[in-house]
Amino acid sequence: MRLMIFPITKESSAFARYDEMLVDYQSVALVTLEGFGADGSDFMTIDGGGTSGKQISTNFHNELDKSDAIYFTAGAARLPSAFLKKFIEEAAAKNKRIYIDAALTTMELPEVEVLCSDNFTYDDTFSDETPEIFLIPIPVIFVYGTGPYTNKFEVQLALRKNFIDLGYSVSQVGTRKESQFFGFSSLPDMFFNSQRTVKETVVALNRYFYSKYLSEKPEVMIVGIPGGITQVNPMRFEEMGDMAFLISQAITPDLSILCSYGHGFSEDHMNWLNNICKYRLNSPVSHFVLSNTDATLSFETHESEYMTVPMDFLRNSCTSDPKLAIDFFYALDKDSMKRLGSEVTKTLIYNL
């Protein structure tokens, strides 16, 4: 079975770099429009990472004919609706299985499957006879990010691959709805739209994760934390780290990984981020991961702006300092992610 991804963006890295972990598809086609990428070039030209071994294509019609299903990503929302609808209708006419990102649901479309969050059911009630917070008696790993485009999802997949290859059973909650392609789920939407109080939300989150532990009987749990850990843009209240705070109060991690922007990363900045995780989230950072993205603030528009940083530049500008207590890794470098998996495993085994 072959899955076509269209249009690819830098957030499509998971499909290019971890396609062997897809549960229902054996291969992927990475497709973009002409002018948005060079036909036949490596996906590294899109996300700035190391060589992926996966080529991109600009021939939508040919790749669609060779695919069994197609996923229209959130990047499609930037295309004119009438223009995009033609591509979706062509896929429907060819009887392809169609997945779409929730960002596209405002359009009138043929029969499609909208990526959804976890529909796992659990009991979130409690009484005087039961504790409000249940402890999860297996290693729990948090994957935080300082903001968008920090490659959190790719790090979650790297950890998942590491533990599965070692023979461990893994329970996992991802930061993106694309998680369903890889055999796990994302946090239910109800936690983002909840009318509960802070306490009620914390208890409900605890019940959710504890129920997954009881149901799936895993040996390790990986939790991708949605959003950032603190305010990113002082001029826009787009991200305050609310969900990071709530989840950190619901369950306690044994190890935390923080994904951050790569360019300009310094020891002072690392210490500042670690203090946020340590004192606000009760989750001292064990490992830092650098993304192939640089974030800046436009003083004209007051908007955050993001730029892809090539891997060679990232390696040269951000290297590990032996004097620092915390090492860091590169999110889109295959060998670096293998090393991260090995270090995480050793840390957990040492702490048992």
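Modeller: Gladly! Please keep in mind that this is a predicted model. Let's start with serine 57, which sits in strand β3, residues 56–57.

Biologist: Why is serine 57 called buried?

Modeller: Its relative accessible area is 7%. Buried means under 20%, so serine 57 is buried.

Biologist: What makes the link between the side chains of serine 57 and glutamate 63 a polar contact?

Modeller: The distance is 3.3 Å, and the cut-off for such a pair of N or O atoms is within 3.5 Å, so the link counts as a polar contact. Leaving aside neighbours within four places in sequence, serine 57 is also in contact with residues including Leu30, Val31, Thr32 and Asp39.

Biologist: How do you know that the span of helix α6 is close to the expected one?

Modeller: Helix α6, residues 198–216, has 19 residues and reaches 27 Å from its first C-alpha to its last. Just after α6, lysine 217 takes a positive phi of about 50 degrees.

Biologist: Which residues lie closest to the centre of the largest pocket?

Modeller: That pocket holds about 1,100 Å³ of space. Of its 45 lining residues, the closest to the centre are Glu11, Pro148, Thr175, Arg176 and Gly227. Helix α5 gives the most to the lining, with three residues.

Biologist: How does the lining of the largest pocket divide by class?

Modeller: There are 14 nonpolar, 17 polar and 14 charged residues.

Technical notes
Residues are numbered from 1 along each chain as its sequence is written. This is a predicted model: local features need pLDDT of at least 70, side-chain atom pairs count only at pLDDT 80 or more; totals for chains, interfaces and linings use all residues. Side-chain values use heavy atoms; hydrogens and water are left out. Helices (H or I, at least four residues) and strands (E, at least two) are DSSP runs, numbered from the N terminus. Buried means under 20% relative accessible area, exposed over 50%, partly exposed in between (1.4 Å probe, protein chains only). A polar contact is a pair of N or O atoms within 3.5 Å; within protein, one must be able to donate a hydrogen and the other to accept it, and residues adjacent in sequence count only if both atoms are side-chain atoms. Contact means heavy atoms within 4.5 Å. The expected span of a helix is 1.5 Å times one less than its number of residues. On a 1 Å grid over the protein atoms alone, a cavity is a set of points where a 1.4 Å probe fits but cannot get out, and a pocket is an open set with protein on both sides within 12 Å along at least five of seven lines; lining residues have an atom within 4 Å of a point. Grid points are joined across faces, edges and corners, and a volume is the space filled by probe spheres set on the points. Ala, Val, Leu, Ile, Met, Phe, Trp, Tyr, Cys and Pro count as nonpolar, Asp, Glu, Lys and Arg as charged, and the others, Gly among them, as polar.
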